[in-house]
Amino acid sequence: MRSDRNTLEADTVLPRYRSIIPDWERFVDTCQRPLPTIARTNTLRIAPAELRERLLKQGISASQLTWEPTLIEVDRPVGNTIEHWLGLLYIQEAVQTLPVTVLDPRPGEAVLDLCAAPGGKTTQIAAHLGGSGPIVANEPSGRRQQALLANVNRLAVLNATITAYRGENFPLRARFDRILVDAPCSAEATVRKEVSLRAGAPKGTIARLARLQKRLIVRAYDCLRPGGVLVYSTCTFAPEENESVVAHLLQQRDARLTPVLLPVNVSAGLPSWGGETYPPEIRGCARVYPHQLDSGGGFVARIERP
Amino acid sequence: MPESNALRQEVSALFERRFGVSSESLAGLAFRERRDEVWACNSPPPSGIESDRPSGLRALRRRADGLKPTSTFLIALGDCITASRVDLDSDLLRLVLLGQRVPAPPGHTDGYVALCFRDDVVGCGKLRGGLLHGLIPTGRRRELLNALDADSRA
């Protein structure tokens, strides 16, 4: 009986990707389970062990993830705790922390977060910088900028400047050491919390977003100083929004794609999709599937400017 | 909007005198005034970037009676604040968040204070004529009331 049920379910969750996602049955099974709740420690304000202690005192089961001790898995929602209100934590899926891990900003560096709202990655960058080095957090949408501002204030980030440029028109006058493009995307990899995405995003939506993403990644690259690092990430499985976008940058600019190194088990970038063959180095990108991390999914690429 | 020495001295003196914040704790911050607001920032953006909003956090507002610290900045200063801390239990804090004036605890002089709950700074308040009232922004007050409710149920 169980295998019949799984077969039925397997055909209803993002069937377009059956040929590329490893361990398909586990993937489908994981997509139907609720996401774990992860609290990322705001290390600008508190040490992870201290935050864990505070949560434990309230009867919340809290355990630090072995591969990233600033991430604390909790057994209940923590969005209404005093600790959250104080900005000691940010609720963030584990997979959503990977792009900044790969970006690896260092104290003193100038960092641009091109598509910054609602601010999870901006505030994570701030924690990496430890309060030293400017962050430009860009968000053109006024409504989304409000969420970004609220989180920057709540987490007490003292080195962020909020801008409202259209990402593809971001001024070329400034140069950055590290740039994150966490691009607007079809969000198919959020299928664990968005059941409506199980059928996959409409092709037209994917095509429209891919056009925007290509403009964003090229503009971001042009804002890098020589020797700088660009990380491109999405929360979708669509190769048109991932490998194709990175391949577009490699065609347009003298960019160097470098392997994504992560402390967790992930999959390599695809060599080809839909009749398109990508440059071999695209295998160095990371595809993350929900069953690999017990989280959502996503895509991360790391690019250097020679 | 360059930083001025006079502004830095004014801000440092206020925080040192009223809140016991050492000048070293503010050393990495640049303070800039725009209209009636003072902003604190520890890393200005690269040149060529334009924003409607100054960098960093809004730290103080200039009022007729002097500079008033923002709740956001007092929370950011946290344990650096060693004076004018008023500890409230959850019942008193709830009343303050609901906009009521409550009797001021002994040992404090009139002026701005850091409201605290379980040793954490939760915002700005003001003591006057033996009464304490809160100055936490409305939206944040509502959120903190919800968090207190959840905390009491836990």
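This is a predicted model: local features need pLDDT of at least 70, side-chain atom pairs count only at pLDDT 80 or more; totals for chains, interfaces and linings use all residues.
**View 1. Confidence along chain A.** The average pLDDT of chain A is 95, and 96% of its residues score at least 70. Residues 1-8 of chain A fall below 50 in pLDDT, and this stretch has 2 contacts in the model beyond near neighbours in sequence.

**View 2. The contact of chain A with chain B.** Chain A puts 26 residues into the contact and chain B puts in 27 residues. On the side of chain A that touches chain B, α4 (82-85) and β7 (160-163) of chain A each supply at least two residues. The element that gives the most to this side is β7(A), with 4 residues. Sorted by class, the side of chain A that touches chain B holds 13 nonpolar, 11 polar and 2 charged residues.

**View 3. The largest nonpolar core.** This core has 134 residues, and those that touch the most other members are Ile179(A), Val181(A), Leu230(A) and Tyr232(A). Helix α8 (residues 203-222) of chain A gives the most to the core, with 6 residues. Chain B takes part as well: domain 1 (5-78) and domain 2 (84-153) of chain B each provide at least three residues of this core. In soluble globular proteins, nonpolar side chains tend to be buried together.

**View 4. Surroundings of Val181(A).** Leaving aside residues up to four places away in sequence, Val181(A) touches Leu114(A), Cys115(A), Leu216(A), Ile217(A), Ala220(A), Leu230(A) and Tyr232(A). Two of these partners, Leu230(A) and Tyr232(A), are, with Val181(A) itself, among the core residues that touch the most other members.

**View 5. The two domains of chain B.** Chain B is divided into domain 1 (5-78) and domain 2 (84-153). Their centres, taken over C-alpha atoms, are separated by 22 Å. In the contact between them, 9 residues of domain 1 meet 12 residues of domain 2. On the side of domain 1 that touches domain 2, α1 (5-19), β4 (66-69) and α2 (71-77) of chain B each supply at least two residues. Of the elements on this side, α2(B) gives the most, with 3 residues. The residues on the side of domain 1 comprise 4 nonpolar, 3 polar and 2 charged.

**View 6. Strand β2 of chain B and its partners.** Strand β2 (residues 37-41) of chain B has 4 of its 5 residues buried, so this strand is largely enclosed by the rest of the structure. Strand β1 (residues 30-34) of chain B pairs with β2(B) in the antiparallel sense over 5 bridges, and Ala30(B) stands opposite Cys41(B). The two strands form a hairpin with 2 residues between them, and Arg35(B) in the turn has a positive phi of about 50°. The pairing of β2(B) with strand β3 (residues 57-63) of chain B is also antiparallel, over 4 bridges. In that pairing, Glu37(B) stands opposite Arg61(B).

**View 7. A cis peptide bond in chain A.** The bond from Ala117(A) to Pro118(A) is cis, with omega near 5°. Pro118(A) belongs to the loop between β5 (111-113) and α6 (120-129) of chain A.

View 8. Ala187(A) is not a glycine, yet has a positive phi of about 60°. It sits in the loop between β8 (176-182) and α8 of chain A. Ala187(A) has 21 other C-beta atoms within 10 Å, so it counts as buried. Asp294(A), also a residue other than glycine, has a positive phi near 45°. This residue lies in the loop between α10 (290-293) and β15 (298-304) of chain A. Asp294(A) is partly exposed, because it has 17 C-beta neighbours inside 10 Å.

Methods
Residues are numbered from 1 along each chain as its sequence is written. Chains are lettered from A and ligands numbered from 1 in the order in which they are written. Two residues are in contact if their C-beta atoms, placed from the backbone, lie within 7 Å. Ala, Val, Leu, Ile, Met, Phe, Trp, Tyr, Cys and Pro count as nonpolar, Asp, Glu, Lys and Arg as charged, and the others, Gly among them, as polar. pLDDT is the predictor's confidence in each residue, from 0 to 100. A nonpolar core is a set of buried Ala, Val, Leu, Ile, Met, Phe, Trp, Tyr and Cys residues joined through C-beta atoms within 7 Å. A residue is buried if 20 or more other C-beta atoms lie within 10 Å of its own, exposed if 12 or fewer, and partly exposed in between; C-beta atoms are placed from the backbone. Domain bounds come from an automatic or database domain assignment. Two strands pair if DSSP finds at least two bridges between them.
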